[in-house]
Structures are given as structure tokens and as C-alpha cells.
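Here is a note on the structure below, written as numbered points. Please keep the sequence and the 3D view open while reading.

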Amino acid sequence: MAALGDINGKSVVDATFGAGGYSQAFLSAGATVTAFDRDSNVVGDARVLSDKFGSRFEFVPRPFSHIAELQNTYDAIVFDLGISSMQIDVASRGFSFRFDGPLDMRMSDNGITASELIINTPVEQLAKILRDYGDIKNATRLARIIHDAAPQTTFELKSLIHDSRDVAPVFQALRIAVNDELGELERALDAVPKRLNPGGKCICVTFHSTEDRIVKNTFRKWTSVSGDPRLPDTNSAPFTLIKTMRPDDAETQHNPRARSAHMRGVIKSY
Ligand SMILES: C[S@@+](CC[C@H](N)C(=O)[O-])C[C@H]1O[C@@H](n2cnc3c(N)ncnc32)[C@H](O)[C@@H]1O
């Protein structure tokens with residue numbers, strides 16, 4: 001990741017291990033890496049990196065909000081948010097409307113599934129999830145249809161959504177709610193300033209507008225002089241912004257998922 005510059009000998013937190021692509025790149029560039037992921041299916045990939053890089057790599061099988069519990073400080077903390085292709089491409093995980101499978105959508109083995117969430121959530125609250133996380137216009141009507149039908153599979157849910165343009169946003173909204181993705185992100189970002197060394201960077205790659213807004217607003221607070229009461233109050237902002245990056249045409253052709261990506265970053269000043 002070019003935004004990190006030379007990381008040889010530096011310490012990096014990879015908050016979202018996934019298939020380990022970022023961790024592997026950081027390790028190969030000479031960094032020491034602490035990686036988080038709450039999906040137990042990635043443990044095998046993490047073990048491969050442990051075997052290869054020894055004590056330079058540590059895997060923490062927990063949600064990334066546990067960054068708050070780390071004892072050390074780091075030169076970079078990186079979030080590559082959302083779900084991995086390993087998660088979306090496996091029918092039994094229930095993330096994708098392209099495959100029939102149980103309506104699960106959990107990134108980890110804990111918590112309630114999407115089908116349980118639909119049954120347990122009152123219609124008005126379900127409508128708010130669809131509206132806030134999926135930008136669904138007729139959210140109350142659709143929430144009632146979904147709640148009453150109590151779908152158990154991805155294809156059952158898909159069949160209830162009559163406007164095909166709403167299918168992907170409904171699946172996204174439920175996934176965000178099932179995994180408390182925004183709460184996790186807010187708690188993790190809250191912990192970042194204390195866990196970074198001076199000159200350390202926080203980089204976030206976001207894939208939808210709601211999580212991007214959280215990152216943008218948090219970074220805005222950190223980069224204003226007295227914007228965040230948790231940060232030391234001095235005459236200069238505790239963080240400076242790194243220019244936001246969007247993927248170029250070559251990257252979106254190679255990786256269509258990157259189309260909606262924003263990469264935002266900040267550097268800790270002192
Ligand atoms: C987009 S993938 C990361 C891909 C990774 N950068 C790579 O190179 O393979 C996102 C990963 O973050 C994990 N994840 C998402 N939210 C998380 C959270 N709150 N805590 C821990 N892991 C999380 C998901 O389980 C998934 O494996």
C-alpha cells in the first residue's frame with residue numbers, strides 16, 4: 001500500500017486480515033504485523049503467515065474494536081472494510097443474493113443471523129436499517145413484507161424484493177446490521193489515536209457511503225485544532241490528512257468491487 005511509504009522495520013496493525021493479502025505485503029516489506037479478523041475461517045491463512053514470518057506476525061482472532069485493548073503503540077493501523085470475496089462467494093455464508101443459502105450473513109460464529117434479525121426486529125426498526133444502511137426509499141413497506149414473510153434463505157429474501165435495484169442494497173443493509181459494522185468501526189476508530197506513534201498513519205478503505213461518512217467525519221475532527229475532546233488540546237491539529245484516493249480505471253477493471261472504494265488516511269502529528 002503506497003500510502004504507508006517505507007514500512008521496513010515498522011509496526012503495522014492490519015485490522016481486517018481477510019485472505020491476508022495486505023498482511024503478506026506488509027510483512028514482505030519488512031514490517032512487523034498484528035492482524036485482526038473475526039472470521040474463524042481465516043485462521044488457516046493466518047497460520048501460513050505465522051509459519052513463514054515467525055514472531056514478526058501475530059494474529060488476533062477478534063473483532064477489530066479490540067484494538068482498544070492493545071498495549072503497544074504502532075506506526076500504522078489499516079482498515080480494509082467490508083466483506084471478503086471468500087465470504088461473499090460461499091453460498092452457506094448467506095451474504096450473496098447470487099447463490100441460494102441460509103440467510104446467515106455473520107462474519108463470525110457469534111451473534112444472530114440475518115433471518116433471526118428479521119424476525120426479532122420490529123418493522124419500524126427494520127425499516128430504519130433498510131433506509132439508513134441501504135438507502136431504500138419505500139423502506140417501511142418493504143420492511144413489513146420482509147418481516148411478515150420471515151425468509152430463511154437468500155433466495156426467499158430476494159424473491160420478496162420486487163424492484164431489482166433494491167436487492168443489493170437490502171442485502172448490504174442487513175449485513176451491516178447483523179455484524180454491527182458501524183458500531184465496530186466507531187469503537188475501533190475511537191481507540192486509534194492512543195495506539196499510534198507520532199508520525200503514525202491510520203488508513204481506511206471504505207466501500208459504502210455510511211461507513212465512509214464515519215471515517216471522513218472522524219478524520220475531520222482529528223485534523224481540526226480542538227475538534228475532538230479526547231485528543232490533547234494544542235495550537236496545531238493532532239493529525240494531518242493524507243489525500244483521499246479513488247481506484248483508477250485499470251484497478252476497477254481488474255477488481256470491480258473497488259468501484260465504490262475510497263481510501264482515506266491521516267498522519268499523527270505528535
Ligand atoms: C475486505 S476483507 C479484507 C481483505 C484483506 N485486506 C486482504 O488483503 O485479503 C475484510 C475482512 O475484514 C473482516 N472484518 C470486517 N469487520 C471486522 C471487524 N469488525 N473485526 C474483525 N474483522 C472484521 C472480515 O471478516 C473480512 O475477512
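1. Gly82 and its contacts. This is a predicted model. Leaving aside neighbours within four places in sequence, Gly82 is in contact with Met107, Arg175 and Glu211. Gly82 itself sits in the loop between β4 (74–80) and α3. Its relative accessible area is 26%, so Gly82 counts as partly exposed, given that this class runs between the 20% limit for buried and the 50% limit for exposed.

2. Gly82 and Ser55. How far apart in space are Gly82 and Ser55, C-alpha to C-alpha? The distance is 28 Å, and 27 residues separate Gly82 from Ser55 in sequence.

3. Ser84. The loop between β4 and α3 also holds Ser84. Is Ser84 buried or exposed? With a relative accessibility of 19%, Ser84 counts as buried, because the cut-off for buried is under 20%. From Ser84 to Asn138 there are 54 residues in sequence and 29 Å in space, taken C-alpha to C-alpha.

4. The whole chain. The protein has eleven helices and seven strands. Its radius of gyration is 19 Å, close to the 18 Å given by the globule rule for 270 residues, so the protein is as compact as a globular protein of that length. Along the principal axes, the C-alpha atoms fill a box of roughly 55 × 45 × 40 Å.

5. Burial and surface. Of the 270 residues in the protein, 50% are buried. The accessible surface comes to about 13200 Å², and carbon and sulfur atoms account for 50% of that surface.

6. Contacts along the sequence. Take the contacts in the protein with a separation of 6 or more: 63% of them are between residues 24 or more positions apart.

7. Charges. There are 32 positive and 34 negative side chains in the protein. The centres of these two sets lie 4 Å apart.

8. Ser108. Where is Ser108 placed? Ser108 is in the loop between α3 (85–88) and α4 (114–120). Ser108 has a relative accessible area of 15% and is buried. A polar atom of the Ser108 side chain lies 3.2 Å from the backbone nitrogen of Asn110. Ser108 and Arg38 are 70 residues apart in sequence, yet their C-alpha atoms are 5.3 Å apart in space.

9. Met105. The loop between α3 and α4 is also the place of Met105. Met105 is buried, with a relative accessibility of 0%. Its phi is positive, about 70°, although Met105 is not a glycine. As background, most residues other than glycine have a negative phi.

10. Asp135. Asp135 is placed in the loop between α5 (123–134) and α6 (139–149). Whereas Met105 is buried, Asp135 counts as exposed at 55% relative accessibility. The reason is that the exposed class begins over 50%.

11. Ser115. Helix α4 contains Ser115. Ser115 is buried, and its relative accessible area is 8%. Which side chain makes a polar contact with the side chain of Ser115? That partner is Thr113, at 3.2 Å. Not counting residues up to four places away in sequence, Ser115 touches Leu103, Pro151 and Gln152.

12. Asp212. Helix α10, residues 209–222, includes Asp212. The relative accessible area of Asp212 is 7%, so Asp212 is buried. Which residues does Asp212 touch, not counting those up to four places away in sequence? They are Thr206, His262 and Arg264. With Thr206, the side chain of Asp212 also forms a polar contact of 2.7 Å between the two side chains.

13. Points to look up in the 3D view. For side-chain contacts, find Asp212 with Thr206 at 2.7 Å and Ser115 with Thr113 at 3.2 Å.

How values were computed:
Residues numbered from 1 in each chain as written. Predicted model: local features only at pLDDT ≥ 70, side-chain atom pairs only at ≥ 80, totals over all residues. Heavy atoms only, no water. Helix = DSSP H or I, 4+ residues; strand = E, 2+ residues; numbered from the N terminus. Rg over C-alpha atoms; globule rule 2.2 N^0.38 Å. Buried < 20%, exposed > 50% of the residue type's maximum accessible area, 1.4 Å probe, protein only. Contact = heavy atoms within 4.5 Å. Areas by Shrake-Rupley, 256 points an atom, 1.4 Å probe, with all protein chains shown as cover. Lys, Arg positive; Asp, Glu negative; His and termini not counted. Charge placed at Lys NZ, Arg CZ, Asp CG, Glu CD. Polar contact = N/O pair within 3.5 Å; in protein donor to acceptor, adjacent residues only side chain to side chain.
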